[in-house]
Every structure is written in C-alpha cells, then in structure tokens.
Amino acid sequence: MSPSTQTMSPPDPTQTKIPPEAKLLKAPTGIQGLDEITLGGLPRGRPTLVCGGAGCGKTMLAMEFLIRGILEFGEPGVFVAFEETPEDLAKNVASLGFNLRQLEDDGKLVVEYIHVDKGAIAIAGAYDLEGLFLRLQFAVDSVGAKRISIDTLEVLFGGFDNTALLREEVRRLFRWLKDRDLTAIITAEKGEGTLTRQGMEEYVSDCVLMLDHRIVDQISTRRLRIAKYRGSVHGTNEYPFLIDEGGISVLPVSSMSLDHKALTERISTGIPRLDAMLGGKGYFRGSTILVSGTAGSGKTSIANFFANAVCARGERCIYLAFEESPSQILRNMESIGLDLHPWIDSGLLRFHASRPSVYGLEMHLAKIHKLIREFSPNVVIIDPVTNLDAMGTNSEVNSMLVRLLDYLKSEGITALFTSLTAGGDGGSVELTKGGVSSLIDTWLLLRDIEHNGERNRGMYIIKSRGMAHSNQIREFLLSSTGIDLKDVYVGPSGVLTGSSRLTMEAEDKAFALTLQQEIDSMQQKMDRKKQALEAQWLAMQATFQAEEVEMLQRMEEKRKVQSRTAVDREEMGMSRKSD
Amino acid sequence: MTIDKYEPKPPGPVLEEETETFLLKLYVAGQTPKSLTAITNLRRICEEHLKGRYEIEVIDLIEEPALARTNQILAIPTLVRSLPTPISRIIGDLSDEDQVLMGLNITRVK
C-alpha cells in the first residue's frame, strides 16, 4: 500500500502519487451509513462496481442510490434494468416507501428495461451493441441524468455468445459513462474465486463495493465491504447493513477515533440511596453503566428504576429486552411499585423486545443503531447484554459491544447494560465481560449473599470513573414500594444481611434499650435522692426558722428586761437622792 | 426512416405458405459500414428468395432512438420479421445467408 494514496487497493505504480488538487470529487449516495464509510460517497462522474451473490441487495442499493440522488441531491437518474421489469421494480421499492412511478412522471427518473433474449436470437454476421448505447443516451438525455445504475450488465453475456465482442462493448460502455460524467453503479454477480463472474472488476478501477449475504449458524447477515476505492480513504471493515422499510442502512459501527466528548452532567439513577452512593448525584450523562449479577439479583429492577427516572425528567429511553417480553417486565415492575405505563403512553419509553437468536449479532447491532437513530433516546438500556453471548464467539460479541458502546458514547447517549453472571462466589462474579469491563464507566455488582439459611441481595460499586463513590456493600431490598438500599450489618461476626442483620439489629436494639433503662433508673434514683435531700433541707430550714423566730422573741424580751432594769435603777437613785 | 417498397409481382404457381408477404424491419444506427452491409445483404437475399413478396423497412435509430426502446433493440443491425408471425429476430450484418434464411424461416430457392 502506498502511504500517499491511503487506500486498501493493491499497489499500482501509475497511481501512487495523487496531487492534492486532483482530489476525488464524491457524490453522496444518501444511503444511511454508506457515505460515512466512503467518507463522502461514491466517486463522482465515475462508475462504481457493486458485486455480490444473488439476493444480497445489489439491485436495492443501485435503486436507492438513484432515488436518494433525486430526492436529496436533485440529480436525475436512469435505472437500466436487465433483470427485472419496471413493474416488478416499482413494486419492490414501493415496499420501501418509494414511489417510482411518481419520480418517472416528474421527469426525474427513467427505468430503462432491457430485455435480453437468452439464446433465442439468430446471429448472422457482425454486430455491435450500438442499440444499447443509443437507448442509454436517449434515456440519459430525456431527464438530464447525472446518475445511472446498471443492473446487471452481465445478463448481456447470457444473450450474446460473442464474448470478445461483449468485452469490447463493456469496455466501451465504461468509457461512455465516464465521458458523460455519469456517477454510475454497475452491479455484477459474484464469481467463483473472482469478484465478479465476468471479470467486470477489470473495467472498473475506481471503486468496488462487495455485498455479502452470509449465513452462519442459520442466521443471516448482510454485509458490505469497500474492496477498493482508489484515491480515497475509506473504512476497510465489513459493515453490516439492513434492508427494511426505510431502505438500506449501512452501519459504520467501528468508529475510527476515540474522541467522544465527556459530559459532566449527572443524572439520577432513580434510586435515591444509589445516587448517594455515587457521590450524591448519580451517573454521568453519556457514560456506560454495567449492572452485573447472578440470576434474580435485581438487575432488571435497577434498569427499570433508571428508565423511570429518565422518563420522569421528560427524556427518552429505549429499553431493549432480550429476555422478557415488555408486558412481563411491566407486570413485574408493578409488583415493586413501579408503573411504567404512563411513559410508554406518552412515548418517552420504548420497549423493543427480540430474541437474540432471531438474527445475527451484526443484525442486532444494525437494528439497535436504526432504533437509536429513529427514536433519538437519551438513554439506552440493554437487558441483558449477556444473552447475546450465544450469538457468536467471545471476541465477536465483545467487538460488537465495543462498537455499540463507541457509537452510544459518540452520540452522548447514556447506556445501561445488565449482565448475567454465573453463580458462584466472590471473584469469578467480577470477572465477567472481561473484554468489555474496560469500557464501562460505572459498574454495579449485585450479589447474592447466602448466610444462615437464606439468600439476600447485596450491592456494591466496583468502579465509577470520575466520581467519589461509596466503597460499602449495601443490602439491596425489593419491596412493594420499590428498591431500598440498607447498610449491611458489620459486626464482630462479619457482614450480615437479611434476617441475620435484623436479628443483630434487634440484639443491638435490645442492648441499647437495657442500657437506656439502666441509665434512666439511675437518673431516677438520683432524682429521688435529690428530692429527699431537698425535702430534708426544707424541713430543717423550717425548724431553724421556727427556732430562729423563738430565739429572736426571747432575745427581745431579754433586751426589754435589760432596759427596764436600768430605768428602775436610775429611779431608785433619784429617790434616794444619791449623788 | 427510409422505406424501400417493392410492389409484389403477380403470384406464380407457388406453395400456399409462399404466398405470404414478408414485412421485414431492419434497425440500423447511422450509415456505418455494418449497416450498409446489412442493407445490401438483406436486399440481395430478399430478391433471391422472396422475390415479389417482401417489404423492407430500414429504421435508423439515431434519428428515432425511442424506437430502440419500444422494440427492445440492443444489437445493431437487428432484423425483425414482423410478418408473417411469429416475430423473429436476426442480428448481424446478414453476411451469413444460411443463418438469415433459417432465422426468417424461408426455404432456399435452388
């Protein structure tokens, strides 16, 4: 590969230097995702070869390219049909919501049906396919076409047996297309060991797309790959694509960079106590949350409470259920006091339930992408993500999840996955999804704690990037009023939950009560003593007071006597005429 | 469009099927060597084997490209036997006389 061309095409000495001013012009296809992986579309004014086996979607791609060209980019088009009649084509695309007839009536599209009699023509002498060129020219002129799709040119090889002549004519056709600056799609059947059965790839040097419809383990997936795109950077992977009511969507699922913006906004988990554990504010918006745990540990409940909180804020949430039907989930949630019906009615919450085995991994990914694009949710919940495990090898599942997480992050969508872990103790529970765990921002682990003949649920936060979070194990309680997280009992005999916790709590309470009672009784005793002493004191005081009064009275009397004695003595003296 | 008409001559003592008149349309694209060869060859063969009971219509698709679509013409030149039915087609410059006669379903005149 030459570094200057930066394509995956084999080295080509004539093409190694491309001056920047000769940069390839591209014609956007308007097909969801295709323009992203081709970084702008197909080479403008040049033919692109689309090859693949029967039923892989070549015709659809060729047709949608034209229709979107007309509807979205105002470029009229010609569809040259070698295989299907205009009626069939119109019917086929009508199922995708396109009105071919209308486009034809509006003078934007010509469907040129070219019937090739297979072997029914007598050949008497030299000929060429000038008639084909005249017809194409006529069709192109009649609408001023900028785009043309030829489906499938190789049919010619079935109708005429002069292969040398046909090759010459095909070569002439490609020249003809280029001379007219037509952006073209030419479809071709896949061959044995070659890109196309008739070696069309040797005529098209600019861009080759390969479509594939593969069935692995009875599950079919359509894939698209850019085999070659001269002069352009492009994605080199196989990209899954779907054909459904909205046409083709190709999923550029492995984003090329790691540059999603980290959001600082926090959103509630829907469980106040869990918010508290996560630094008091809940998850980061746009982060990825993994809730893993054994069967029946309450993963779905955590997911649903989150969904409820999301919708209560007026935001949108997609709930992808791979295990239970929506109605079952709703019923079960009602049993823990959560009614999600209003959110479904108001359109904020959408359930999408499917068995993992209905289609392959890629298809699931494709469907999820499509749903996300249509619904533009703030939050995506996948419950449980582990059900996808059966759909491929570990590395395939991991790579799918990586791509999905990447996509969600790049869109700023908060994602919550639940993951079923195998039972067993301690360590192994945490090892689940080893490949994915590094992508997870917040990881909650739900565990069964078996003790004393009963099972209880415990919850703790394995990690939560970028926030202070609790390191405590909490007991996770589900009741008819919802989820409650209780502090576990940590005492001399270890971590206790459930009834053991209740017992220990009761014992603690009893002990506390006894102490209190003792304290109370001592207090009372003291009070009584104080009262008694006070009473004594009062009595003594009263006695003293009484004595005091008496004493004072007697003292007064004495004083009176004293003074009277003095007076008497004076009077006596006066009477005796003493000197 | 050039139409060459040949008045059929009074029928001689011929077989029933040989009384039918052939309507032959030759589609060409301009005055290319192949087209001219085809016209010449066709006239010669008709004169030789269908004398007096044929009509040739030469259609130049450069002048009337829409007819290529209506009549599903791809190869140039294409000869279409419109009458008698069934319609049959022969492509090429008609230099292979055996193929032309076989294609038109005409018995060779010895």
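The contact takes 25 residues from chain B and 25 residues from chain A, where contact means heavy atoms within 4.5 Å. This is a predicted model, in which local features need pLDDT of at least 70 and side-chain atom pairs count only at pLDDT 80 or more, while totals for chains, interfaces and linings use all residues. Residues are numbered from 1 along each chain as its sequence is written.

**Interface**

- Between them, chain B and chain A bury about 2,000 Å², with 64% of it on carbon and sulfur atoms; buried area is the accessible area (1.4 Å probe) that two parts lose on being put together, summed over both.
- Of the area that chain B buries against chain A, 37% comes from B:Arg69, B:Leu74 and B:Ile91, more than from any other three residues.
- The two chains share 2 salt bridges, each a side-chain nitrogen of Lys or Arg within 4 Å of a carboxyl oxygen of Asp or Glu.
- A salt bridge joins the side chains of B:Lys34 and A:Asp128 (3.4 Å, N to O).

**Nonpolar cores**

- The largest nonpolar core has 44 residues, and A:Phe82, A:Ile148, A:Leu156, A:Phe160 and A:Leu177 have the most contacts inside it.
- Such a core is a set of buried Ala, Val, Leu, Ile, Met, Phe, Trp, Tyr and Cys residues joined through side-chain atoms within 4.5 Å, buried meaning under 20% relative accessible area (1.4 Å probe, protein chains only).
- Apart from this core lies another, of 39 residues, including A:Ile271, A:Phe284, A:Ala307 and A:Phe476.

How values were computed. Chains lettered and ligands numbered in written order. Heavy atoms only, no water. Buried < 20%, exposed > 50% of the residue type's maximum accessible area, 1.4 Å probe, protein only.
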